[in-house]
Amino acid sequence: MKLESRIYVGVGVFFVLVVVIYFLWSGDSGNSIFLVASALLGIMPGLYLGWWSRRMSPRPEDREDVSLEEIEGAVGYFPSYTIWPFVLGIGVFLTALAFVFGAWTAVIGMGFVISAAIGGTLSSKPKAMAHR
Amino acid sequence: MRASGLLGSASFPRRLVHLSRLPKVVRVVGTGLGASLVLGACNLPTFAINKGATTQGRDTFHLFQLFTIISIPVLLSVFVPLGWAIFRYRKKDESIPKQTHSHIPVEVTWTVIPILIVAFLFVLTVQVENKVTAVSSHPNLRVNVVGFQWGWKFNYPSFGVTKVTQGVGGSSVYPQLVLPEGETTTIHLVSNDVVHGFYVPQFDFSRYALPGVNNYFDFTPTQTGTFIGRCSQLCGLYHSEMLFTVKVVTPAQFNSWISQQSHNTIGA
Amino acid sequence: MTIAPERMEELESHPPNHGSEPSGIYKWVTSTDHKVIGKNYMYTALVFFFIAGLMAELIRTQLFAPNNHFVSPQTYNELFTIHGSIMLYIFAGPFVFGGFANFLVPLQIGAPDMAFPRLNALSYWLFLTGSVTMLLGFLTASGAAAFGWVAYAPLSDSTYSPGAGPDLWIVSVALVGFSGIFTAVNLVTTIFYLRAPGLTMFRMPVFTWNMLVTGILILISFPVLTAALVMLYADRHFGTHIFSVKGGGVPVLWQNLFWFFGHPEVYILALPYFGIITEVLPVFSKKPVFGYKGLVFATLAIAGLSTGVWAHHMFTTGTVLLPFFSAMSLLIAVPTGIKIFTWIGTIWRGNLDFKTPLIFAIGFIVAFTMGGITGVMLASPPIDFYTHDTYFVVAHFHQVLFGSAVFAGFAGFYYWYPKLTGRMYRESLGKWHFWLTFIGFNITFLPQYLLGLRGMPRRIAEYGPSDGFTFLNKVSTVGAYVTAIAFVVFLYNFWISWRKPIPAGDNPWDGHTLEWATSSPPPSHNFHKLPPIRSLRPTWDMNHPEHADWKAHQEELARKKSKEREAAL
């Protein structure tokens, strides 16, 4: 976890350095704002991951000498077959087409989006947890 | 937003890198090597690069030539070992070669040498860039150039002379920009509508004509002749037909031409 | 403690799919398996590569002769716009990042699937619909978008580009962009949280590393593009004047926003392909990757620098800080050079088996090195003033991007084809494919450098007979036709291996990484059992215990310890 956090913080620190050099040299506020935003984009998740890594012991995937016997618990629940992403995708597509062809495609599209939201929520109760 | 560089107005501070800001060793070595290479470059092949019919273009040409020369050993440093490996290390049997994971001295070498090369290229670039982008405070001539869909307008403000593209789409009459040889002309470039590119290949130079942005640059032609000019940035349907010519004449010829033109304009 | 590496660790297999398994097209539509989605991405991207390639042939045919009227200027502008847009947004990125990454990253890190399988499926559907939207423009009355893949304002606003085509372009790029963001979120999460036990960050294959870095780059840059598209749409339809001078807007802002996305995008397209090369070379040399950590840091350096160089596309605007962007752009050559030398270091003293993937990988190094060197030239503003927006730039970025997406892309496709399908391609056809591509590619693009130096601007529909462009354009067009023939050979190879399959086996190349430790094609949740992960190359360690990496590592540790002990004494 520590390294993951450092990658993100590294991204942030890099952008801080670049924005300082860039702003002092060019005095250009517009582009500097991009760079400040990019710095935040690195620092925020970096600090979050770092905060967690201080509060937990190293995970099995962070340890070089781990043995498989030590691991227990579920890796996660992985759904197998579901139609809802497809329905949602079509819905988003039709809704987006409204920007070209007018609101009527959005009416149909939102129908798909709403049914996908309902259907997806109802079907996402894990029936069984996958163990590893 | 007004202070933002995104506005790209002419008031954008011109910040050139002054070589005095660079460490002294870099400066001395860079200038020395740069100067000797630039001088020596005159007798080297051109690599199909235009020689540049202005003093600014000539500097660009020499820089480009140097970059090309430096790129040859760099290219060889990749292709020779690559070719050697391909022919020498072809599979002969099922043996397993020595499992080399890393070799720190070698890796440091191929990090440090490229850094030195690009630092040197940067010094050369900055020297030439400062010369090419320099705008004279007292030019011999000022010309306003306006790009529009699909043509150019050349205006000599001191003489009240204007040349402009007539018609678009196949039947264009291309306008001619006339410049005096050996004298410095400051071009003021702007666009009326979309982004265009003011490009004179024989001058080794192009600059965008941007709506709302005033761009200034200098040409000091070093040879007489007629050179083709083009629009380099896609600007719509007849982008490929947005041509013009640049005619460089002696100062005497220029003076007689411009007085004749302004006479015609006043007469008309 | 160390596990005896000879023993395969038993892994409890995942419970089979709940309920009855659907079949046919319904199975394809409802699958959330990263392997199915990855293959969907690849095949969709290849179909669009074919379409955009056809457009390239039409473009080259138009340029075969001076003052040619094969297509009208309007059609020509539409063709190169959609050619560029498909190649960059729909083929090069999604082929590797939606396709290879989706299929391979979970396998390489020993995960059962991506972290968010349903989001992954949604990404694909947004990608597919967005890609189709790109083509819809040709069906509208006013034609497709005709402002280049960069859509410079104000040419792209409603005054200069009215009609539905440009709006469809905006919607298409936005949909594909969202799909990319979702895939990036998914991949970064997968790599951070679903690695197999013992697979630390510095035991991840370079391919996975590059995908992680690419994912982060996408998260930085794609939102900027989406924001820019929203602004452009608002300018076109809601009467705002963000990019139009007449209402007090700033046209150059579009270029800043676009390239703040656009330059990282170039590396988003390149880094994953670098990853493919770094997987192919060691396997066909029977050696580990040379200078692994150096490569990882070079990747990080490229990614970092790539976000600070956007304005080198804007040197000729006269509105950017030339030395800053020049210095950053020149610097990026250093980590890129490290990569190239590292690849040579990897094959050095190897036992090179010249199978199709390795040949394509070497073709990539050749093309990319040349494109990289002209890239260094373009990083110098005076040289850029001369060559900007000419065929010099066209030749440069085709050498880099065709080099990456086609040479490295096909190196990866042939390399993992047995894993994707369980079948083997035909080796001799693969070699024909390579040589035709390589010859066609060089005949197409090398003359374009000269055309650029002679002053031929890009995106011109016609040139005059006295311009001196005719001969080189003819050569270039012939090269483009040869490249097209090469693609036909590839299709035939694909088809014949499907009609008359030759089973490939699970590990035909003596691969190094985890994906070669499972069956071909892998089962529904990837692994029934995992080999112990004690180094960068778990599958190699398992198959070559006498040359195992962990052994070398342990010996090194022991040596260090004994040295320390001596020093202490």
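pLDDT is the predictor's confidence in each residue, on a scale from 0 to 100. This is a predicted model, in which local features need pLDDT of at least 70 and side-chain atom pairs count only at pLDDT 80 or more, while totals for chains, interfaces and linings use all residues. Residues are numbered from 1 along each chain as its sequence is written, and chains are lettered from A and ligands numbered from 1 in the order in which they are written.

**Stop 1: chain B, coloured by confidence**

Select chain B. Its mean pLDDT is 84, with 81% of its residues at 70 or more. Find strand S6 (residues 196–200) of chain B, where the mean is highest, at 96. Then go to helix H1 (residues 24–40) of chain B, the lowest, at 54. Helices (H or I, at least four residues) and strands (E, at least two) are DSSP runs, numbered from the N terminus.

Now pick residues 1–16 of chain B. Here pLDDT stays under 50, and the model has 32 contacts beyond four places in sequence. A contact requires C-beta atoms, placed from the backbone, within 7 Å. Where pLDDT is low, predicted coordinates should not be read in detail.

**Stop 2: annotated spans**

An unreviewed UniProt entry annotates residues 25–49, 61–87 and 108–128 of chain B as "transmembrane region". Such annotations may be inferred rather than shown by experiment; positions follow the numbering used here, and feature names are shortened. Select 61–87 of chain B: 100% helix, 0% strand, end C-alpha atoms 38 Å apart. Residues 108–128 of chain B are also 100% helix and 0% strand, with 31 Å between the end C-alpha atoms.

**Stop 3: where chain C meets chain B**

Show chains B and C together. On each side, 74 residues are in contact with the other chain. On chain C, helix H10 (333–347) gives the most, with eight residues. The chain C side divides into 45 nonpolar, 21 polar and eight charged residues. Nonpolar means Ala, Val, Leu, Ile, Met, Phe, Trp, Tyr, Cys and Pro; charged means Asp, Glu, Lys and Arg; the others, Gly among them, are polar.

**Stop 4: a helix pair in chain C**

Select H3 (residues 73–108) and H5 (residues 164–193) of chain C. Their axes come within 11 Å and cross at roughly 20 degrees. Axes are lines fitted to C-alpha atoms, for helices over the stretch in contact, and angles run from 0 to 180 degrees between N-to-C directions. Show the side chains of the contact, including C:Tyr89 and C:Phe97 of H3(C) and C:Trp169 and C:Leu187 of H5(C). By class, this contact has 11 nonpolar, six polar and no charged residues.

Methods:
Two residues are in contact if their C-beta atoms, placed from the backbone, lie within 7 Å.
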